Amino acid sequence: MSQTPLAFGLLGFPVKHSFSPAMHNAAFKELGINAEYKLFEIKPEKLQNFLLSLEEKGIKGLNVTIPYKEKVLNSDFIEIDEESFYARKIGAVNTIIVKNGKLKAFNTDMPGFSRHLKENISPVGKKVAVLGAGGAAKAVVYCLAENKVKEIAIYDIDKIKSQNIVSLIKSSFNDFPISAVNGIEALRIQEKELLINTTPIGMKPSDPCLITEKMLHRNLFIYDLIYNPQETKLLALANKAQVKNSNGLGMLLYQGVLSFTHFTGKKAPVETMRQALKKELEKCRK
Ligand code: NAP
């Protein structure tokens with residue numbers, strides 16, 4: 001008799017355009033694990049009940065996306081211990097596991113971003129500009145401070161959000177040189193060595209490009225967290241100006257690799273997961 005597969009999935013609202021099922025299901029298959037990764041689109045008013053019923057539903061682990069990365073931490077039945085260091089520091093989680101009847105939360109966005117950024121550029125001593133101060137920016141900026149960049153300027157249309165990130169960083173890294181600025185010009189990209197886009201601007205074909213060509217220079221590296229499309233208008237501009245750059249597919253891969261290990265206790269098959277993501281991207285281009 002065949003056993004019911006273990007259930008994992010992505011919790012969010014909405015969660016329609018996700019590559020995570022393809023990536024995790026390919027990994028389960030590769031390792032011969034009888035498990036299935038699904039999408040859980042849960043309305044805000046149903047969130048608490050959903051989290052309370054994970055065991056009953058046979059769900060062993062979740063990734064968490066917009067708009068719940070911070071919200072799930074308000075549930076007092078979610079544990080954040082020493083192992084969940086980054087979730088505690090950043091105040092946002094993207095991974096939950098169900099263990100011995102308890103829910104434990106982790107943040108793998110931060111180490112996932114760190115691993116991929118360092119494959120492209122050494123952040124140590126760099127002057128950095130960050131666009132956007134939402135959930136992902138917290139992980140990005142924490143990573144930059146931990147990796148001893150020289151200075152960070154951050155801009156978000158909502159200044160309170162960028163000021164909150166400044167406070168978060170200053171409370172963890174004494175006197176770290178980080179400032180919330182009032183506009184894109186004030187990021188002074190011409191003087192920076194690394195520009196990171198953490199806004200969703202660039203996902204839709206109708207989105208504008210937030211940066212102009214005159215801000216770019218050959219000493220700059222641009223990292224766009226967006227991975228679909230592979231080449232956003234920002235990255236197209238970078239390519240045109242021969243500025244080195246990367247999209248966020250590697251971050252997606254490495255956060256998934258770390259989540260997979262939390263889910264299963266096993267080393268993730270990185271190449272299988274990378275190929276699964278590439279296939280998903282190909283499908284989107286057709
Ligand atoms: P989020 O929490 O909504 O944050 C985005 C932030 O950008 C918000 O504070 C938003 O302000 C701000 N913003 C929007 N338009 C702006 C503009 N024109 N100028 C300056 N700031 C602007 O979203 P998130 O979870 O951080 O995700 C952001 C992006 O990163 C998404 O595209 C997501 O797909 C991507 N991401 C990728 C990975 C990966 O693995 N590669 C992981 C996480 C996220 P308002 O809220 O006021 O609009």
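Reader: How do the residues of the shell around the ligand divide into nonpolar, polar and charged?

Author: The model is a predicted one. In it, the shell around the ligand consists of 13 nonpolar, six polar and three charged residues.

Reader: Which residues are the closest to the ligand?

Author: The ligand is surrounded by 22 residues, and the closest are Ala136, Asp156, Lys161, Thr198 and Gly248.

Reader: Which backbone atoms lie by the polar atoms of the ligand, starting with its nitrogen?

Author: A polar backbone atom of Gly248 is 2.9 Å from a nitrogen atom of the ligand. As for ligand oxygen, one such atom lies 3.1 Å from a backbone N or O atom of Gly135. An oxygen atom of the ligand is also 3.2 Å from a polar backbone atom of Leu252.

Reader: How much of the ligand does the protein bury?

Author: The protein buries 79% of the 910 Å² that the ligand exposes when taken alone.

Reader: And which elements give two or more residues to that shell?

Author: Those elements are α6, spanning 135-146, and α9, spanning 249-264.

Reader: Staying with α6, what is the setting of Lys138: buried or exposed?

Author: Lys138, which lies in helix α6, has a relative accessible area of 16%. The cut-off for buried is under 20%, so Lys138 counts as buried.

Reader: What is Lys138 in contact with, leaving aside its neighbours within four places in sequence?

Author: With those neighbours left aside, Lys138 is in contact with Glu70, Ile90, Gly91, Ile165 and Leu168.

Reader: Let us turn to the whole protein. How many helices and strands does the secondary structure come to?

Author: There are ten helices and twelve strands. The radius of gyration is 19 Å, close to the 19 Å that the globule rule gives for 286 residues, so the protein is as compact as a globular protein of that length. Its C-alpha trace spans about 65 × 45 × 35 Å along the principal axes.

Reader: On backbone geometry, where are cis peptide bonds found?

Author: One joins Phe13 and Pro14, with omega at about 0°. Pro14 sits in the loop between β1 (6-12) and α1 (20-31). Another cis peptide bond joins Ile66 and Pro67, where omega is about 5°. Pro67 belongs to the loop between β3 (59-64) and β4 (78-79).

Reader: Which residues other than glycine have a positive phi?

Author: Asp175 has a positive phi of about 55° and is not a glycine. Arg188, also a residue other than glycine, has a positive phi near 50°.

Reader: Where are those two placed?

Author: Asp175 is in the loop between α7 (159-172) and β9 (178-180), and Arg188 is in the loop between β9 and β10 (194-197). Asp175 counts as exposed, at 67% relative accessibility. Arg188 counts as partly exposed, at 47%.

Reader: Moving on to Lys43, where is it found, and what does it touch?

Author: Lys43 is found in the loop between β2 (35-41) and α2 (47-52). Not counting residues up to four places away in sequence, Lys43 touches Phe13 and Tyr68. Phe13 is also one of the partners in the cis peptide bond with Pro14. Lys43 is partly exposed, with a relative accessible area of 44%.

Reader: How far is Lys43 from Leu11?

Author: Lys43 and Leu11 are 32 residues apart in sequence, and their C-alpha atoms are 9.9 Å apart in space.

Reader: Lastly, where is Pro208, and which residues does it touch?

Author: Pro208 is in the loop between β10 and β11 (221-224). Pro208 touches Ile201 and Lys233, with residues up to four places away in sequence not counted. The C-alpha atoms of Pro208 and Lys233 are separated by 7.6 Å, although the two are 25 residues apart along the chain. Pro208 is partly exposed, with a relative accessible area of 48%.

Technical notes:
Residues are numbered from 1 along each chain as its sequence is written. This is a predicted model: local features need pLDDT of at least 70, side-chain atom pairs count only at pLDDT 80 or more; totals for chains, interfaces and linings use all residues. Side-chain values use heavy atoms; hydrogens and water are left out. A residue is near a molecule or strand if one of its heavy atoms lies within 4 Å of it. A polar contact is a pair of N or O atoms within 3.5 Å; within protein, one must be able to donate a hydrogen and the other to accept it, and residues adjacent in sequence count only if both atoms are side-chain atoms. Accessible areas come from the Shrake-Rupley method with a 1.4 Å probe; for residues, only the protein chains shown count as cover. Helices (H or I, at least four residues) and strands (E, at least two) are DSSP runs, numbered from the N terminus. Ala, Val, Leu, Ile, Met, Phe, Trp, Tyr, Cys and Pro count as nonpolar, Asp, Glu, Lys and Arg as charged, and the others, Gly among them, as polar. The radius of gyration is taken over C-alpha atoms; the globule rule is 2.2 Å times the number of residues to the power 0.38. Buried means under 20% relative accessible area, exposed over 50%, partly exposed in between (1.4 Å probe, protein chains only). Contact means heavy atoms within 4.5 Å.
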